[in-house]
Amino acid sequence: MYEQVSHSLLNDILIRLNPEIKQQQIRHFYTRLGANFYSIHSLFQVLYGDRDDFEEQAQRLVETMARQYIVRSDQAKETDLEREKNHNWFLSQEWVGMAMYSDGFAGNLEGLITKLHYIQELGVNMIHIMPILQCPIGKSDGGYAVSDFRKVDDRFGDLDSLNLLSEDLKKRDILLTLDVIVNHTSNEHEWAKKARQGDKKYQDYYYVFDNREIPDMFEENMPEVFPETSPGNFTWDEEMQKWVMTVFNDYQMDLNYSNPAVFIEMLDIILFWANQGADIIRLDAVAFLWKKIGSTCQNEREAHLILQLMKDCCQVTAPGVLFIAEAIVAPVEITKYFGEDAINAKECEIAYNATYMSLLWDAVATKNTRLLYQGLKSIPDKLEGATWLNYIRCHDDIGLGFDDADIQAVGFEPAKHRRFLIDYYTGVYKDSIARGLPFGQNDKTGDARISGSLASLIGLQAALESADQDGIDKAVHHILLLNSMIMSFGGIPLLYYGDEIGSLNDCTYLNDENKANDSRWAHRPTIDWEKAELRHQPGTVEHRIFSAVKKMIAVRKEISAFSDFNNRELIQLDNPHLFAFSRFDLQRSSSGVLVVGNFDSRPQYLDLNVVSQTFKIQQGQIKDLFSGSTPALFKDQLVVPPYHFYWLSD
Ligand code: GLC
């Protein structure tokens with residue numbers, strides 16, 4: 001959009017551009033800058049317009065984008081152009097992701113190159129490598145306490161090994177997702193060290209206070225993220241003799257985005273990784289980017305403006321690169337990370353569907369899908385050009401973040417229901433077969449979250465321990481049921497490494513003093529490649545899970561109705577154990593797919609007359625696309641075996 005104020009500022013900036021930049025032939029850069037500058041200027045103005053150095057900072061912002069564009073590879077620039085033409089490319093059902101620690105998966109980045117055949121064998125074509133940036137040993141929060149944003153940690157390799165990996169991934173058409181930890185740095189980062197030594201410039205990069213007056217005011221409304229290991233949101237720094245804001249661990253210092261220098265530094269870092277071959281950047285902990293006294297310091301409007309500004313700037317330099325919002329917040333808040341008041345996504349194109357994840361675990365524990373339906377109805381529709389990451393497990397704990405009102409609406413008492421879920425998954429509940437561990441217990445609020453691998457939480461560990469064949473069968477079906485739900489829901493399914501072969505909790509973390517107090521390490525496995533070989537041996541658990549997931553991925557890729565264009569309708573059923581939704585292609589030219597899952601341990605039936613309003617089925621011709629066979633029917637009643645799913649079509 002043309003608007004005089006921003007246009008004249010842009011002219012001034014271009015006149016003053018550094019000669020090194022001026023002499024470059026960067027036509028596409030200027031076209032995109034012109035197209036986005038009105039928006040960039042408006043956002044920058046709202047955030048930083050009252051500063052005397054506003055124009056100087058705007059100049060630095062544009063030069064930062066230009067410098068990163070100049071060093072962007074020709075190959076990446078070509079991909080940018082292709083993706084501009086086919087801008088909905090990532091909404092296709094052809095994408096299937098997997099998140100992994102490179103050391104746990106294959107030792108390091110070079111080891112990962114040697115294991116890409118495994119990922120490809122499964123059909124995964126997008127990988128999220130958990131953070132590989134340099135962190136202090138011990139105080140790393142699994143890679144999320146970064147001490148150098150431009151250096152690959154020696155434990156994983158170096159920039160050359162990452163480049164080798166990225167080239168190999170490109171040849172295999174596998175997308176690369178990398179993390180940028182935008183909310184905080186390690187207290188051993190260079191900026192933090194300077195701040196702690198008393199450098200005022202760098203103290204302004206963080207939130208530092210001489211006494212408890214302001215911290216105490218913040219604390220009145222801020223929840224605690226790690227109440228057991230790092231209570232409170234501020235840490236006394238001996239060296240600086242000041243209080244510093246540390247929302248996560250006491251060694252993770254929150255960055256101060258009300259300082260434009262911080263924004264520009266972090267944008268530069270995002271673009272740096274975009275230039276190292278990342279197709280997608282996962283922006284960590286985005287809900288926390290703006291702090292305001294009197295608020296929870298989560299989901300603030302300015303946090304969204306910062307993300308919109310990051311997106312607008314990234315579109316100028318690296319428009320083919322997508323953002324994932326890691327915002328594990330209330331259902332109504334999550335969709336805002338796609339952008340508000342817009343038709344097309346304008347913040348992050350992808351967001352974790354934490355609501356669906358936790359609701360699926362609710363249905364597993366209760367064998368009942370009422371809250372699953374209710375909770376999903378509370379998620380507002382997505383914008384166009386936006387998609388979910390649907391996942392069962394990830395490297396973090398499972399939070400029970402669904403709405404109290406939804407829990408009440410289905411007849412449960414919120415506190416008791418949450419207590420039941422925690423007790424169920426941590427094996428305290430008497431009939432529980434789950435082998436999870438508590439995480440983040442907060443005695444003040446009664447809150448707790450859950451750690452544990454998919455196989456251990458679902459009952460496979462308990463069944464294997466007692467050599468209970470029936471239990472093993474049930475657990476395998478259950479694992480496949482959950483996989484079928486994330487594969488068909490709409491969005492990119494994100495598997496978690498090890499789950500494809502039924503990895504159990506790994507409790508060796510207890511022997512490491514730096515990990516022992518963080519139960520999330522129980523589900524961050526080191527892959528046992530001998531065990532993984534069993535995927536070729538029929539009859540083994542590894543074979544049963546791996547081969548079925550592999551088949552599911554292959555079938556998903558063939559079903560265009562599984563692409564994500566808001567083309568899903570939930571189908572409300574009388575049977576409280578079943579979950580059903582229909583997926584259709586946009587023209588509704590074919591009959592689409594009816595997805596049905598049975599969360600109960602007994603067979604259930606579905607009355608096809610009930611679904612016939614939303615889903616047209618030709619009697620007698622119904623087929624399960626996954627198995628290729630016709631399911632058992634009695635008249636109009638479809639039989640769904642325990643923990644079974646169907647992808648039905650005619
Ligand atoms: C994100 C990460 C989590 C980490 C936290 C703090 O939520 O997923 O693992 O502990 O950020 O960096």
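A cavity here is a set of points on a 1 Å grid over the protein atoms alone where a 1.4 Å probe fits but cannot get out, and its lining residues have an atom within 4 Å of a point. This is a predicted model, where local features need pLDDT of at least 70, side-chain atom pairs count only at pLDDT 80 or more, and totals for chains, interfaces and linings use all residues. Residues are numbered from 1 along each chain as its sequence is written, and side-chain values use heavy atoms, with hydrogens and water left out.

**View 1. A look into the largest cavity, with a volume of about 70 Å³.** The structure holds 3 cavities of 30 Å³ or more; a volume is the space filled by probe spheres set on the grid points, which are joined across faces, edges and corners. Around the largest cavity sit I392, R393, L454, I479, N483, I486, L494, L495, Y496, D499, E500 and V549. Two elements, α22 (469-488) and β17 (492-496), each give two or more residues to this lining. Such helices (H or I, at least four residues) and strands (E, at least two) are DSSP runs, numbered from the N terminus. By class, the lining comes out as 8 nonpolar, 1 polar and 3 charged. Here Ala, Val, Leu, Ile, Met, Phe, Trp, Tyr, Cys and Pro count as nonpolar, Asp, Glu, Lys and Arg as charged, and the others, Gly among them, as polar.

**View 2. The second largest cavity, at about 40 Å³.** Its lining is made up of S453, Y496, Y497, G498, D499, S503, L504, A522, H523 and P525. That gives 5 nonpolar, 4 polar and 1 charged residues.

**View 3. Helix α16 (residues 354-366) against helix α17 (residues 370-377).** They pack at an angle of about 165°, with axes 8 Å apart; axes are lines fitted to C-alpha atoms over the stretch in contact, and angles run from 0 to 180 degrees between N-to-C directions. That angle is why α16 is roughly antiparallel to α17, a label for angles over 145 degrees. On the α16 side, T355, Y356, L359, L360, D362 and A363 meet L371, L372, G375 and L376 in α17, where contact means heavy atoms within 4.5 Å. The contact has 7 nonpolar, 2 polar and 1 charged residues.

**View 4. Helix α1 (residues 4-16) packed on helix α3 (residues 27-48).** Here the angle is about 130° and the axes lie 9 Å apart. V5, S6, L9, L10, I13 and L14 in α1 meet Y30, L33, G34, F37, Y38 and H41 in α3. This contact has 9 nonpolar and 3 polar residues, and no charged ones.

Terms used. 1 Å grid on protein atoms, 1.4 Å probe; cavity = no way out; pocket = protein on both sides within 12 Å on 5 of 7 lines; lining within 4 Å. Parallel < 35°, antiparallel > 145°, perpendicular 65-115°, else oblique.
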